[in-house]
Amino acid sequence: MRTVNRMLLRRRATALDSQDPYVRLRAVEKLAASGDADAVEPLIIALTDPTPEIRTLAAEALATISDAQAIEPLIDACLREKRWAVGQELTAALAAFEHEKLLAPLLAALGTEDTALQQAAASVLRRVVWESLDDAQRALVLVVQNEWDEVVGLGRSAVAPLRVTLINGTLQSKRRAAEALGGIGTAEAYQAVLSIVQDPTIAEAARSTAAWAMRSFAWDRVGDTDLAHSAIVLDNWDDLAKLGAAAHAPLAAALRAGNEKAARALADIGNQAAVDALAGVLEDQRQPLQVREAAAAGLVRVGDKRAALSLVPILSHPIWQIRVAAADALADMGQEPSDHATRMHFAIARRDWATVVSEGDSAIELLIETLSHREVCVDAARALASIGDRGRDAIARLMREPDLDAFVRDVVAAAIATHGDSGAAEPLLAMLEDPDVAVRVSAVHALERTGWQPETDSARAIYAIAHGRWDELPRLGRAALEPLLRMMADGMALHETADALKRILETGPTRASIPQLQRLARLADSDRPEQAGMPPDGADGPAPAFGAAARLAKAELNRRGIFV
């Protein structure tokens with residue numbers, strides 16, 4: 001018998017796919033009449049039928065069977081139903097189930113961002129399971145339904161839902177939630193409002209509404225520090241100076257959160273604690289540059305010796321812009337440092353290179369340190385080259401450092417070129433052996449300013465490359481091969497490099513060393529240039545010329561008995 005029933009149920013479930021609504025309605029009626037748990041699944045499918053009568057009948061049948069697997073589909077159908085009358089029937093059907101099993105899915109729907117879904121869930125919760133809700137859950141329902149007087153009547157149980165609404169609700173609901181918290185008026189309600197005002201990660205609209213609530217209701221616990229927080233959020237900067245010391249911590253927190261106006265307010269308070277707060281922000285490496293600059297401007301506004309003392313240590317700050325901000329602030333105050341080391345830092349930050357150079361040998365180490373700041377690297381290098389023999393000795397030591405930044409090396413060479421006397425030649429000659437071809441070229445240009453002329457084929461090759469005299473390279477043979485191979489690897493002047501290599505091997509392959517030939521020969525067996533250690537090129541790139549040079553190199557190696 002059970003088998004027969006199942007076969008009938010399957011036949012009726014299949015009838016739900018009919019195009020004829022009458023056939024589908026008769027199928028649902030028979031499924032409902034069966035009262036069988038096996039009918040639940042097809043009845044759930046019927047909840048989405050386009051015919052309202054079928055949806056209603058399916059819901060009534062599911063309520064009669066009362067199988068727990070129907071709860072969530074029935075709730076979903078109820079919340080999304082567009083016809084009011086059908087929605088009422090679906091809601092009534094839900095009442096047949098255990099209330100505890102309805103709570104979780106309905107409360108979850110209440111927490112979505114879909115306003116229509118929220119309203120539907122609140123309506124069902126109010127009609128079906130209201131007596132099973134605690135006060136906090138009732139508050140959630142009442143907030144969605146805009147029953148604000150009833151929310152206030154729930155007292156402290158409503159505080160948490162109201163705080164969430166004040167943060168995440170619409171502009172109107174934020175205001176009503178703030179008013180409701182003010183109406184509740186307890187310590188918990190005040191703390192909920194204050195916590196929003198104090199949290200810079202919360203959206204400005206919520207913080208402004210909370211700050212308005214702090215000032216609009218008769219709280220009996222608003223202190224000056226709390227008023228300072230609300231004044232910052234509401235942009236009432238004139239109020240802050242009157243609050244004095246109570247505003248220090250809120251203003252410092254606001255400045256660290258990126259509110260640059262707080263620096264001016266701290267300066268207007270102007271006591272030692274305000275100065276310390278500004279100096280602390282200026283020294284804080286985690287802060288963005290514009291915030292630190294605002295802090296420096298605040299110290300300038302204070303404008304006395306206390307502020308100057310806070311600025312002096314920052315003249316050696318690792319971030320160049322912060323040094324500049326501190327130096328400019330001291331200059332605006334007329335508070336130039338008195339001790340020698342600080343005075344030198346001040347002069348460099350102010351780009352007063354004449355004063356720096358006038359200090360002679362004592363400025364050398366500080367100028368070398370300044371070379372690491374690209375903002376003033378060029379000027380510092382020129383100042384170093386201008387100091388004389390000791391400055392040039394320092395440059396020579398610098399050039400011999402194997403890990404010296406290529407940019408710094410190039411800048412120093414350019415500075416020597418600008419200075420241009422004969423004593424500069426020694427460090428520049430050392431640069432001709434640098435593995436970076438760009439540095440060698442820079443050294444050639446600098447050496448020319450000293451009257452230097454190349455005396456070796458290696459120097460002549462670099463000299464020719466520096467001036468783009470590619471026709472001179474074939475006669476230099478092996479001496480030209482090494483810089484050209486380096487240029488190939490670095491992707492420099494690839495067209496010219498490829499052509500020069502090919503011509504050298506055409507005119508005198510015997511002058512190339514075996515390692516040089518092997519490096520070039522690898523190109524012959526590579527499908528892509530980058531496989532042989534050179535950058536890729538476009539369709540019109542230098543690959544054909546490199547290919548010709550590679551084949552010549554391979555042939556020369558074969559001639560020498562080395563097969564690749």
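How many Å² does the accessible surface of the chain come to, and what percentage of it belongs to carbon and sulfur atoms? After that, please zoom in on helix 33 and helix 34.

Reply: Happy to! This is a predicted model, where local features need pLDDT of at least 70, side-chain atom pairs count only at pLDDT 80 or more, and totals for chains, interfaces and linings use all residues. Residues are numbered from 1 along each chain, and side-chain values use heavy atoms, without hydrogens and water.

The accessible surface (Shrake-Rupley, 1.4 Å probe) is about 26600 Å², and carbon and sulfur atoms hold 49% of that. Of the 564 residues in the chain, 48% are buried (under 20% relative accessible area, 1.4 Å probe). The chain has 36 helices and zero strands (DSSP runs of H or I, at least four residues, and of E, at least two).

Now to your pair. The crossing is left-handed (the near helix is turned anticlockwise from the far one by less than a right angle).

Helix 33 brings A480, L481, L484, L485, M487 and M488 to the contact, and helix 34 answers with L494, T497, A500, L501 and I504 (heavy atoms within 4.5 Å). By type, 10 of these residues are nonpolar, one is polar and none is charged (Ala, Leu, Ile and Met are among those counted as nonpolar).

Terms used:
Axes fitted to C-alpha atoms, helices over the stretch in contact; angles between N-to-C directions. Buried < 20%, exposed > 50% of the residue type's maximum accessible area, 1.4 Å probe, protein only.
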